[in-house]
Amino acid sequence: MSSEKTSKAGVFVKKLLINNAVTLLFFVICIAGIILADQPMSYIIGEISSRLFRNLILILALLVPVWAGMGMNFSIVLGAMAAQIGIIVSTNFSLSGIACLVVSFLVSIPLSLLFGNLTGRLFNQTKGQEMITGMILGFFAKGIYDLVFMFLCGPVIPVRNESLLLTNGIGLTTPINLDNATKSAINKIWMVSLDKAVYGVLFLILLFFAARMMGKMIKKQKISGRESSGLLASVLVLAVFYLLCRSSETFLFALRFTDVPIATGILIVIVCIYITFLSKTKLGSDIHAVGQSMPIAVSMGIPADKIRITAIMISTLLAALGQLIFIQDIGNFTTYTAHENVGTFSIAALLVGGASIKKANIGHAILGALLFHTMFIISPLAGKNLFDNAQLGEYFRVFVCYAVIAVALALHAWKSVLARRVEEGEEE
Amino acid sequence: MMVLLKNLGKSFGFPRLIILAFLGLLILMMFVLHIPVPLTLSQCLVRIGINLVLALAMVPGIMAGTGMNFALPLGIECGLLAGMISLQYNMKGIGGIFAAMAISIPFSILAGWAYSQLVNRVKGSEMMVSTYIGFSMVALMCIGWLVLPFSNASIVWPIGDGLRTTITLEEWYDRALNQLFAFRIFGVDIPVGLILVIGGFCLIVWLFMRSHLGLMMKAAGANPNFARSNGVKVDSMRTIATILSTVLGGIGIIIYAQGFGFYQLYNAPLMMAFPAIAAVLIGGATPSRISIFHVILGTIMFQSMLAIATPVANSLIPEGNLSEVVRTIVSNGIILYALSRMQGGKRS
């Protein structure tokens with residue numbers, strides 16, 4: 001009896017290890033890297049937090065197509081381009097501050113929806129090969145983008161703001177800088193130091209669970225385990241966090257040293273709520289049905305092709321928003337290359353968080369962003385300390401980025417081949 | 001007559017007609033803009049020659065049903081490694097080139113075999129997986145170029161670690177094949193040595209396609225289940241095809257480098273699979289059907305388009321790199337078209 005139990009537990013642990021191998025490996029790499037990099041805690045926490053806020057929406061943009069069974073959407077590059085076109089347009093009319101960003105977003109909405117729609121139509125032509133199509137489409141779109149902004153802007157497309165143009169009047173300069181009022185305009189609305197922000201978020205979660213419990217008590221319903229354990233957990237986390245801050249000077253100092261942009265955070269929360277809400281609507285359940293099995297979805301009367309196009313449109317729109325947040329945080333963008341790595345980096349981050357080609361959620365996105373960007377910051381520093389060569393660390397992080405995607409794709413393909421073989425075996 | 005034309009258009013393919021029209025326009029522009037024709041033609045010939053073997057590397061994969069080999073950088077890295085070894089030991093002239101090719105083959109066989117083990121486990125998603133395998137290999141070899149123990153002063157950085165990013169071949173075998181038996185007719189340089197060598201490789205692959213092994217490979221690609229029931233070992237056919245493709249990639253980059261005049265290391269091979277794939281697709285190949293004729297025609301069309309586009313674009317707009325943009329649009333456009341023709345993952 002007991003041996004059976006341990007073997008069951010053994011199988012469970014083994015499964016857990018295999019299913020989260022990439023995430024665990026990354027955990028080890030990150031911890032080893034942090035030790036090797038030997039940087040002050042305030043630096044690491046500050047960098048990670050700013051990168052988290054900068055990149056999270058771009059990663060969240062990948063979720064919906066995964067649910068629709070279309071895999072990782074490499075064509076979010078087009079959404080990023082839409083955002084950049086938006087910024088170019090509003091810079092052309094010399095807008096500045098929040099207005100510049102709002103106009104940029106308004107311009108990028110129709111563009112990204114159009115791009116998303118066209119991409120979706122193309123993907124319906126190439127079912128089963130969406131990822132490679134998306135990737136090549138990204139390269140193709142880069143060609144068109146370059147053609148328009150390198151050669152047509154100036155001679156064919158009139159440009160009002162001359163500071164945008166190169167000196168000979170043909171093509172846009174690179175990089176395009178946002179002015180001081182526009183740079184980090186959304187971030188600057190409300191900055192709070194990290195320790196206060198964490199306390200705030202934890203209190204809000206606590207209040208949320210408490211309010212739900214109160215509501216149920218008033219309605220005289222049974223209190224389910226979820227609420228009470230949620231309440232308990234949030235109290236516990238709060239206590240642990242308080243003790244940590246109290247016991248470690250450096251930790252508290254690092255948190256106080258780091259400012260987090262609350263407005264951007266709220267925007268991210270809104271996107272998360274939208275995605276969660278979406279999966280509970282009719283459209284969301286249709287998307288999941290299409291992702292499960294297209295023939296069954298069609299036989300249930302769901303217009304699969306239309307749903308797939310919608311999924312890509314949502315993804316592209318969110319990517320445009322994400323790239324806009326990214327650029328306002330940095331304050332400038334290289335006109336012709338800023339969009340190139342958006343797809344690869346976001347996808348690698350999501351996969352590191354434990355997502356697969358078939359399954360991805362908000363938790364994967366957040367964990368992935370944390371781990372991936374930790375690796376990204378520390379690997380050149382670790383390379384410098386370990387081999388006296390920062391270049392080595394930079395190549396290493398690029399390698400890891402590609403390798404993670406390759407391994408995830410290969411594992412997924414292998415699993416589906418095995419599943420097919422089992423199915424065929426049963427048929428015989 | 002109209003029906004005949006229509007059918008011709010259909011079988012030839014719409015994008016191919018566009019590219020042909022574009023090529024015609026470029027040739028017309030070349031005359032209008034008074035660009036020296038013999039010089040451009042010489043460059044066309046060289047470009048076609050040095051790119052042909054890389055395009056030829058697509059043949060075995062498509063024959064055996066693994067599709068377009070997006071993992072071509074794998075073979076290219078093997079070729080570059082062999083090239084570096086040949087430079088390290090100062091192998092010069094034509095002999096140096098062939099020595100580099102010979103050194104590359106064992107590396108390519110090893111890498112191709114290891115990679116084929118993966119390819120056989122991911123049937124149906126070969127293209128996506130192979131793209132990222134190619135990318136990761138390039139990134140891994142970036143680290144390799146930094147730490148491998150090369151010591152020849154002409155190929156490593158004078159200060160710091162690792163090999164140089166670009167290594168000019170003047171000391172070793174710069175354009176040695178191009179200049180072998182070369183002669184000039186009407187001002188056009190004919191690189192006879194290069195043509196002979198690539199002709200030889202085309203002949204070898206052509207003969208291979210007609211050999212017993214080649215026919216079995218074709219059968220395995222066309223209908224795996226039927227082939228298996230006839231006693232063809234489909235997986236080992238795919239393994240051989242992948243190894244062959246990798247070997248051709250390795251040899252291809254050495255021919256490319258000698259004609260180009262330098263080896264480019266680090267991130268240079270990252271995107272090299274795409275022009276090769278685009279070339280065979282322009283020539284009329286599909287992800288499931290290919291012939292030597294497609295490879296030659298496609299490389300001629302694609303590379304002469306690029307070779308003519310460069311001077312034409314430069315005399316129209318001196319700044320910027322218009323021909324690079326044209327290359328990006330055309331090569332990725334044709335790959336997208338081919339993918340959309342595959343109809344739901346099934347190979348038509």
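Modeller: Let's take α5(A) and α16(A). This is a predicted model. The axes of α5, residues 76-92 of chain A, and α16, residues 342-352 of chain A, cross at roughly 125 degrees. They come within 8 Å.

Colleague: What does that make α5(A) and α16(A) to each other, oblique or roughly antiparallel?

Modeller: Oblique. Angles over 145 degrees count as roughly antiparallel, and 65 to 115 as roughly perpendicular. The crossing angle here is roughly 125 degrees, so the pair is oblique.

Colleague: Is the crossing of α5(A) and α16(A) left-handed or right-handed?

Modeller: The crossing of α5(A) and α16(A) is right-handed.

Colleague: Which residues meet there?

Modeller: From α5(A), you have A:I76, A:V77 and A:A80. From α16(A), they meet A:V342, A:G343 and A:S346. In this contact of α5(A) with α16(A), four residues are nonpolar, two are polar and none is charged.

Colleague: Okay, another pair. How do α9(A) and α10(A) cross?

Modeller: At roughly 160 degrees, with axes that come within 9 Å. α9 covers residues 194-218 of chain A, and α10 covers residues 225-247 of chain A. α9(A) and α10(A) are therefore roughly antiparallel. Their crossing is left-handed.

Colleague: Who makes the contact between α9(A) and α10(A)?

Modeller: On α9(A), the residues include A:L202, A:I205, A:L206 and A:F209. On α10(A), they include A:L231, A:V235, A:L238 and A:F241. The contact of α9(A) with α10(A) has 13 nonpolar residues, two polar and three charged.

Colleague: New topic. How many residues of chain B touch chain A?

Modeller: 36 residues of chain B are in contact with 40 residues of chain A.

Colleague: Which element of chain B gives the most?

Modeller: α7(B), with 13 residues. α7 (126-147) and α15 (322-340) of chain B are the elements that give two or more residues to that side. The side of chain B that touches chain A holds 21 nonpolar, eleven polar and four charged residues.

Colleague: And chain B itself, what is it built from?

Modeller: Chain B has 15 helices and four strands. Its radius of gyration is 20 Å, close to the 20 Å that the globule rule gives for 348 residues, so chain B is as compact as a globular protein of that length. The C-alpha trace of chain B spans about 60 × 50 × 35 Å along its principal axes.

Colleague: How much of chain B is buried?

Modeller: Buried residues make up 51% of the 348 residues in chain B.

Terms used: Residues are numbered from 1 along each chain as its sequence is written. Chains are lettered from A and ligands numbered from 1 in the order in which they are written. This is a predicted model: local features need pLDDT of at least 70, side-chain atom pairs count only at pLDDT 80 or more; totals for chains, interfaces and linings use all residues. Two residues are in contact if their C-beta atoms, placed from the backbone, lie within 7 Å. Ala, Val, Leu, Ile, Met, Phe, Trp, Tyr, Cys and Pro count as nonpolar, Asp, Glu, Lys and Arg as charged, and the others, Gly among them, as polar. The radius of gyration is taken over C-alpha atoms; the globule rule is 2.2 Å times the number of residues to the power 0.38. A residue is buried if 20 or more other C-beta atoms lie within 10 Å of its own, exposed if 12 or fewer, and partly exposed in between; C-beta atoms are placed from the backbone. Axes are lines fitted to C-alpha atoms, for helices over the stretch in contact, and angles run from 0 to 180 degrees between N-to-C directions. Angles under 35 degrees count as roughly parallel, over 145 as roughly antiparallel, 65 to 115 as roughly perpendicular and the rest as oblique. A crossing is left-handed if the near helix is turned anticlockwise from the far one by less than a right angle, and right-handed if clockwise.
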